[in-house]
Amino acid sequence: MRSYLFVPGNDEGKIVKAFDTGADAIVLDLEDSVAPQDRNKARSVVRDALEARTSEMRKSGPKAFVRVNPLGDGEAFRDLDSVMPGRPDGIVLPKCRDGENAKKLSEMLVAKESELAITTGTVKLIAIATETARSVFGLGSYGGSTPRLLGLGWGAEDLSADMGALANRDEAGQFLPPYQLVRNLCLIAAHAARVEAIDTVHIDFKDEAGLKRECDAALRDGFTAKMAIHPAQIAIINEAFTPFKSDVEQSKALVEAFANAGNPGVLGIDGKMYDRPHLMRAEKIVLRAETYGMKDDPPPPRKKRAPAKPRAKRATKKK
Ligand code: COA
Ligand code: MG
């Protein structure tokens, strides 16, 4: 997945639109974008939307996730009770404290799957893993927590509220140091757990340049996807997380070279060393291109013009 579009669970109009935005996944929200008094309505709207998907939509449309409420007060249980008959592709668990929390939600899903005759583990799980100060210290515990864990995402809005901070971005829109820290920790935690690393939302949905900058930085650092809140963000995110043609071609050549050499631990090609991490990266890029295609390479950087030579002064004829 490259893009996850959030949509408030009680907004039928937006939900219909969300399916048509080109997002790889939509996240029908039952948590922060829904006022508590609208939660019951949202539960039934979300269930209806899930059930209204045709088999064609289920196969080739965007994946449909539901963001439930955090564990602790029974609301998540009530959410699952309402929406699971709609067979969502996955659940997003906000304010997830640690791997134990993810495992607990997974056990709730096992029970629901069995009740509804769904194969165990079909419904995937994404944990939003940095929304409270305490959860930051649980980041190292997700590996092996549950096989249905698909990804870890991070959030700055709830974390700044939890810490009583005045802001999470500076005047130029860049994340302040505490949020850069949790971004980086979440990225590393996701890779340590061998799941997708999902970058947080860019809430300034009119700022296309800022979103593009964040996507490029996310891709550079190893995130594989980004969350969105507005349809206008989807094309930018999808484009950013689609691999470059030259990268795909080089990756294919590397995978082939390893296969032809009988899959050794290390290979030397054109004077450069390639070992297992290079192979793993190449395999991921090839897989991504098979799902999402590839994009043209960026134009080569323009050569800088040599500074003009100072012209010799013409001798002025004496009159
Ligand atoms: N999904 C689907 N459609 C959406 C959408 C979304 N997340 N956000 C906006 N749209 C639709 C609007 O309904 C509108 O449709 P219309 O032209 O047919 O009226 C169109 O896109 C343009 O929307 P716009 O007027 O620019 O924004 P808005 O003021 O209607 O909505 C937000 C702004 C922020 C309220 C809205 O984008 C939103 O609800 N985002 C998701 C919030 C959320 O889920 N947050 C929780 C996770 S952080
Ligand atoms: Mg929140």
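Alanine 117 is exposed, its relative accessible area being 67%; buried means under 20% relative accessible area, exposed over 50% and partly exposed in between, with a 1.4 Å probe and protein chains only. The model is predicted: local features need pLDDT of at least 70, side-chain atom pairs count only at pLDDT 80 or more, and totals for chains, interfaces and linings use all residues. Residues are numbered from 1 along each chain as its sequence is written, chains are lettered from A and ligands numbered from 1 in the order in which they are written, and side-chain values use heavy atoms, with hydrogens and water left out.

- Alanine 117 belongs to the loop between α5 (99–115) and β5; helices (H or I, at least four residues) and strands (E, at least two) are DSSP runs, numbered from the N terminus.
- The phi of alanine 117 is positive, near 55 degrees, in a residue other than glycine.
- Most residues other than glycine have a negative phi.
- Aspartate 270, which is not a glycine either, has a positive phi of about 50 degrees.
- Aspartate 270 sits in the loop between β9 (266–269) and β10 (272–275) and counts as exposed at 80% relative accessibility.

**Threonine 130**

- The loop between β5 (124–128) and α6 (133–136) holds threonine 130, which is buried, with a relative accessible area of 0%.
- Its side chain reaches the backbone nitrogen of glycine 155 at 2.9 Å.
- Beyond its neighbours within four places in sequence, threonine 130 has contacts (heavy atoms within 4.5 Å) that include Ser135, Leu139, Trp154 and Val182.

**Ligand 1**

- Around ligand 1 there are 14 residues (a heavy atom within 4 Å), of which Phe6, Lys14, Lys17, Ile229 and His230 come nearest.
- A backbone N or O atom of phenylalanine 6 lies 2.8 Å from a nitrogen atom of ligand 1.
- An N or O atom in the side chain of lysine 17 is 2.7 Å from an oxygen atom of ligand 1.
- For the side chain of histidine 230, the distance from an N or O atom to an oxygen atom of ligand 1 is 2.8 Å.
- The elements giving two or more residues to the shell around ligand 1 are β1 (3–8) and α1 (12–18).
- β1 supplies the largest share of that shell, four residues.

**Domains**

- The chain is assigned domain 1 (3–240) and domain 2 (245–292), with bounds from an automatic or database domain assignment.
- The C-alpha centres of domain 1 and domain 2 are 31 Å apart.

Key:
A polar contact is a pair of N or O atoms within 3.5 Å; within protein, one must be able to donate a hydrogen and the other to accept it, and residues adjacent in sequence count only if both atoms are side-chain atoms.
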